[in-house]
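Please read it alongside the sequence and the model below.

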Amino acid sequence: METGYISAFWFIVVAAITVPLMLGVGALLRPKSIPTRRGTQAYECGEDPIGSAWVKFNIRFYVVAIIFIIFDVEVAAVLPVATQFKEAVLSGSAGFVFAEIFLFVALLVLGLIYCWVRGDLEWVKGVTQNAPRK
Amino acid sequence: MTNGMKWILLIAELLTVGSALIVAINPNILYSAVFLLFSFLGIAVMYLFAGADFLAGVQVVVYVGGVTILILFAIMLTQWLYRLKLKDIGSKFVVPGVVLALGLVPFLHRGLTQLGKMVQAAPPEKMAEFAASPKTAMIGKALLTNYVLPFEAVTILLLGALVGAVWLARPKA
Amino acid sequence: MPVNSALFAQSLTQWTQGTWFASVPIWVWALVSALIIIYMLALPFGGIATYVERKIAADLQDRIGPNRVGPLGIFQFAADAIKMISKEDYVPPGGDRFLFNIAPVLVVVGSCAGFVALPLGQYLVAGDINIGVFYIMAITTIIAPGILLGSWASENKWSLLGGLRSAAQIVSYEIPVALSIVPIILISGSLQIGEIVKQQGWHDHFWNVFHNPFTFISFFILFVGGLAETNRIPFDLPEAESELVSGFNTEFSGMRFGLYALGEFVDVFVMCALVTSLYLGGWQIPFLELDKFWVTLPSGLIALIHVSFFLGKTFLLVFVVMWLRWTLPRLRVDQLMGLCWKGMVPVALFNILGTAIWMWAFKGQSMLQVVSGLFSGGGGSH
């Protein structure tokens, strides 16, 4: 393992400790809080909240996350290949590496085109049916 | 490995196993998802100790950044899950679960002893040298020589997964 | 020790050879570098950036801005900090206490830990990790779960909407950002940021943004994607004051809110520093290389000049980020997603291919090298 990760470890530890440290300093300094009914309510601009805030939301957030994961894995897979490209160019054998990168990009584009054409990239789906233009 | 490194490894192991335990036994499914995140992070650290730095990065990018978000979205989408106590539905799976876990022990034991033999057979200084060497270039070279076909197969598989996933998530008429 | 890890701690041990400093173990230096960078660079930057942003906003709108606390109001950030620390600490009773507490930790860790792999100067890196670019990509991804969990734990409709938007936005823009890093890796053949910066010297490739026409486009994609990943205007839908009150941090008060704000500014800094390192030559000084021309300069001074150039370029980008905030209107959610998936991702993919073809055609030379090769009469001399 590289020594750089020792620094990374300490950065994570120091950053994680910073949060309770700052909150702790505040706890020592500030006056005691007196909770009121309005104060402890969920903030909805002064209105009393109706129902739980844990509402059901649109599935499109989920679709975005799914498309993201597939693309992410593909990018992660091409990174090691990309690091070999410069060496291949300098040694004059770039054709093969280029073909591999090209195929990778082509397949990503294919997936993107599929999602695009089938409307999975549309954020607003079927709004025209609900609100016909006058 | 120095003493300090051993401590870091121990922390990572405890993080992984402890979080995994909480994932399994915590009644609140959202907490399970959060501790799954920590478990993923712990595994990434163990990859680092195994010398697989690139794999550790992939672990964090794909699992922490992607899969965790996906799981959180899934839990929040079905919001009644948050109030559900998993203990109530989980109790009938305890006995089959324990049996299944015990059944895995021989396989794990075999794998670990094999690995132990391999580690003992390798000269320690060579192991240290390998662990410190950059892996990204190695993986890149492997993907360009011996593993060209698997690489492309995986790309096509991912394309299929993409098509399938968006098809499943698409609202049906 | 790995050969190519130009570690801050290592160079410290080299400089201090023979003194009692040399006996200090490497993990102590790593801890010291973490303390110095987080408490003397990252967090003060986040604090002062809030003041600078207000001052810039005032200038752009022909107002005066903060001017009461100290000369020109420069102690405003300290006053803000004192105010935030002394505010009532509030955890929504209907929410989830555990997740509410853990969310700021994830955000702060995700933004601060990115500093490890950023080279401030030629040898001034906390840890020049071999997979540096990928490391920063990886460690900043834990911000998104942090924001999402915090917003859920608030039990507030504004928060939840903001958090969901934020998570969807961060994961979407992660793709164009990652794809516009790939051309740089094609050019430099390394994921190590120190190595990438080193190749951008005047007598080498010069800045990667001018390497070829495709990296020029790629630079803007990375920068704009970075804006979206850090929830900055015009991509600040997660916070959108006019629709979501304060978005994902609505229920966070006092220092908890302060930590979110700090985390956001630190994240902006990391993003701008990453763009600087990958495309604008990091600590490289345009048109000359110090250690080649002025070898007589003491190494400490060279380091200082390098750091100031790095910080100068980064702060220039941070200024552009703030400038954009008061210039551009906010995008709609559908425009945001459309821009990412239908605009930036296809262009980023095109850039990868374009850069690969350029590399192949010109044997890895940059535009400047090709042009200077033409003038010096015939073929690439490099």
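H7(C) and H9(C) run roughly antiparallel to each other, because their packing angle of about 155° is over the 145 degrees at which that term applies. The model is a predicted one.

**Packing of H7(C) and H9(C)**

- Two packed helices are described by the angle between their axes and the distance between the axes.
- Here the partners are helix H7, residues 157–188 of chain C, and helix H9, residues 213–229 of chain C, and their axes lie 8 Å apart.
- The crossing of H7(C) and H9(C) is left-handed.
- On the H7(C) side, the contact is made by Gln169(C), Ile170(C), Tyr173(C), Glu174(C), Pro176(C), Val177(C), Ser180(C), Ile181(C) and Pro183(C).
- On the H9(C) side, the contact is made by Phe214(C), Thr215(C), Ser218(C), Ile221(C), Leu222(C), Gly225(C), Gly226(C), Ala228(C) and Glu229(C).
- Sorted by class, the residues in the contact of H7(C) with H9(C) are ten nonpolar, six polar and two charged.

**Chain C as a whole**

- Chain C contains 15 helices and zero strands.
- The C-alpha trace of chain C spans about 70 × 60 × 45 Å along its principal axes.
- Of the 382 residues in chain C, 57% are buried.
- Taking contacts in chain C between residues at least 6 apart in sequence, 77% join residues at least 24 apart.

**Two loop residues with positive phi in chain C**

- Leu72(C) is not a glycine, yet it has a positive phi of about 60°.
- Leu72(C) sits in the loop between helix H2 (26–60) and helix H3 (76–86) of chain C.
- Leu72(C) has 13 other C-beta atoms within 10 Å and therefore counts as partly exposed.
- Glu155(C), also a residue other than glycine, has a positive phi near 50°.
- Glu155(C) is placed in the loop between helix H6 (143–153) and H7 of chain C.
- Glu155(C) counts as buried because it has 20 C-beta neighbours inside 10 Å, and 20 or more is the cut-off for that class.

**Contact between chain A and chain C**

- This contact takes 60 residues from chain A and 76 residues from chain C.
- On the side of chain A that touches chain C, at least two residues each come from helix H1 (4–29), helix H3 (60–83), helix H4 (85–90) and helix H5 (94–117) of chain A.
- H1(A) gives the largest share of that side, 19 residues.
- The side of chain A that touches chain C is made up of 46 nonpolar, eight polar and six charged residues.

**Contact between chain B and chain A**

- In this contact, 42 residues of chain B meet 37 residues of chain A.
- Elements of chain B that give two or more residues to the side touching chain A are helix H2 (29–49), helix H3 (53–77), helix H7 (124–132), helix H8 (136–144) and helix H9 (148–169).
- H9(B) contributes the largest share of the side of chain B that touches chain A, 14 residues.
- By class, the side of chain B that touches chain A has 32 nonpolar, six polar and four charged residues.

Notes: Residues numbered from 1 in each chain as written. Chains lettered and ligands numbered in written order. Predicted model: local features only at pLDDT ≥ 70, side-chain atom pairs only at ≥ 80, totals over all residues. Contact = placed C-beta atoms within 7 Å. Helix = DSSP H or I, 4+ residues; strand = E, 2+ residues; numbered from the N terminus. Nonpolar A, V, L, I, M, F, W, Y, C, P; charged D, E, K, R; others polar. Axes fitted to C-alpha atoms, helices over the stretch in contact; angles between N-to-C directions. Parallel < 35°, antiparallel > 145°, perpendicular 65-115°, else oblique. Left-handed = near helix turned anticlockwise from the far one by under 90°. Buried ≥ 20, exposed ≤ 12 C-beta atoms within 10 Å, placed from the backbone.
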